[in-house]
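Hi there,

Here is the structure I promised to pass on to you. Have a look at it first, and then read on for what I found.

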Amino acid sequence: MEMNLGYAGKSSGQRANFWPTYLCFITLGILIPFTKPIFQGVTLILSIFLALIVGLLAVNLSIMLFNSGNPDLRVASGGQFAREAVENGMLFMIPFTVLAVLAQLLLNWNAVMPFASAAIMTACATAGAEVMKKGAQGMKNVLIPSGLAFLLSTGWMMLVGLLP
Amino acid sequence: MNKLATEAPRWKTALNMVINPGEAVKSQMSKVPWPYSILVSGLSFTLFFMQTGLDLLRTGQIETAAVILIILLGLLYGTAGIALLAVMSWALSRAGKRGYTVDWAISAFGLGYSATLVYALTGLLFSLAFGWKTAVAFGVTGVLWALRPTLFTIKQMSGERTAFSVALSTLCGAILLLGWALLGRFGV
């Protein structure tokens with residue numbers, strides 16, 4: 001009987017699952033058009049598309065960076081350590097996404113992007129911390145994904161500003 | 001190495017809480033007394049609420065007396081409020097069973113607001129120097145940045161339960177933001 005419900009550890013060989021991460025990005029993408037003066041369907045579609053692209057880039061570039069920065073760990077784990085670390089780290093987007101929904105729909109703050117930016121920065125840095133927990137050495141594992149998150153969130157913010 | 005960590009000045013521990021909260025929570029929190037941490041969170045929320053008051057004062061929604069009331073509410077929120085939140089999280093995580101004391105929980109929660117303090121100070125500077133409305137842009141952003149140390153603290157207290165810590169951190173964040181929104185209205 002499973003006695004450790006809710007614990008992060010998973011059996012080896014189980015593939016990483018990123019649907020909660022992409023769901024967070026889609027939710028943030030859905031919220032963004034509500035911050036515009038006039039809600040438009042085109043903005044909604046473009047915003048969801050943009051959020052998904054940012055999400056795909058955040059996940060896959062993080063995995064790629066962790067793999068290339070820790071070749072020994074990649075070989076030892078059969079290429080799974082980076083995927084698992086990113087999966088665990090990206091779960092930390094959930095609180096920010098829920099709070100963004102509360103702020104937009106309950107408090108009418110029109111401030112989705114600060115939540116999105118904090119979410120992506122926290123998730124990437126936490127993925128780095130997870131990599132270090134798996135045996136990777138050096139602060140680069142936290143600083144490089146934080147830099148990536150900064151670039152992605154800044155780019156996302158700029159592109160959101162261009163949406164109709 | 002351990003000795004170095006224990007001898008690190010408290011401001012460095014606070015900085016580490018911003019940069020690498022996972023490590024700070026794991027190895028340095030037992031050396032930081034809870035009154036010091038509560039001072040950090042108390043000051044953070046006092047300055048954050050001050051900006052809320054100044055924003056409302058500028059738009060003519062409140063008088064100076066109400067600004068002072070909001071500032072005092074901020075102080076109460078950042079001290080008693082954060083301590084209560086820490087105790088609630090400690091109890092729900094059953095952290096006592098894992099050897100974490102209430103003092104440890106309050107200390108970790110309070111110091112988690114180091115990033116909020118940086119944002120609050122920066123926001124106040126912009127508010128006073130340029131007359132900007134900074135409560136949401138700087139204040140709320142600062143509170144959001146404190147969510148990461150909170151997540152790590154709860155994760156540590158709950159024995160690395162990711163789903164539980166994500167859920168409880170969401171609850172803590174929601175209580176803080178909704179509480180701030182309600183108190184802001186009370187001040188009006």
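The buried residues of α2(B) are covered by elements that include α3 (21-27), α4 (34-58), α6 (102-111), α7 (114-130) and α9 (147-157) of chain B. Helix α2 of chain B runs over residues 10-19, and its buried residues are B:Thr13, B:Ala14, B:Asn16, B:Met17 and B:Val18. Here a residue is buried if 20 or more other C-beta atoms lie within 10 Å of its own, exposed if 12 or fewer, and partly exposed in between, with C-beta atoms placed from the backbone. Helices (H or I, at least four residues) and strands (E, at least two) are DSSP runs, numbered from the N terminus.

Before going further, please note that this is a predicted model, in which local features need pLDDT of at least 70, side-chain atom pairs count only at pLDDT 80 or more, and totals for chains, interfaces and linings use all residues. Residues are numbered from 1 along each chain as its sequence is written, while chains are lettered from A and ligands numbered from 1 in the order in which they are written.

Staying with chain B, B:Thr46 is found in helix α4. B:Thr46 counts as buried because it has 21 C-beta neighbours inside 10 Å. Leaving aside neighbours within four places in sequence, B:Thr46 is in contact (C-beta atoms, placed from the backbone, within 7 Å) with B:Ile71, B:Gly74, B:Leu75 and B:Gly78. Its C-alpha atom is separated by 14 Å from that of B:Leu125, 79 residues apart along the chain.

Now to where the chains meet. The contact takes 22 residues from chain B and 22 residues from chain A. On the side of chain B, α8 (135-145), α9 and α10 (162-187) are the elements that give two or more residues, and α10(B) provides the largest share, 10 residues. By class, this side of chain B has 12 nonpolar, seven polar and three charged residues. Ala, Val, Leu, Ile, Met, Phe, Trp, Tyr, Cys and Pro count as nonpolar, Asp, Glu, Lys and Arg as charged, and the others, Gly among them, as polar.

What about the core? A nonpolar core is a set of buried Ala, Val, Leu, Ile, Met, Phe, Trp, Tyr and Cys residues joined through C-beta atoms within 7 Å. The largest one has 104 residues, and A:Phe115 and B:Ala105 have the most contacts inside it. Helix α6 of chain A (residues 112-133) gives the largest share of this core, 13 residues. Beyond its neighbours within four places in sequence, B:Ala105 touches B:Ala86, B:Val87, B:Ser89, B:Trp90, B:Ala95, B:Tyr100 and B:Met157.

In chain A, helix α5 (residues 94-106) packs with α6(A) at an angle of about 175 degrees, their axes 9 Å apart. Axes are lines fitted to C-alpha atoms, for helices over the stretch in contact, and angles run from 0 to 180 degrees between N-to-C directions. The angle therefore makes α5(A) roughly antiparallel to α6(A), a term for angles over 145 degrees. The residues of this contact divide into nine nonpolar, three polar and no charged. Just after α5(A), A:Asn108 takes a positive phi of about 55 degrees.

Lastly, the buried residues of α7(A) pack against α2 (41-69) and α6 of chain A. In the loop between α1 (19-31) and α2 of chain A lies A:Lys36, which counts as partly exposed because it has 15 C-beta neighbours inside 10 Å.

Best wishes

Notes
Contact = placed C-beta atoms within 7 Å. Parallel < 35°, antiparallel > 145°, perpendicular 65-115°, else oblique.
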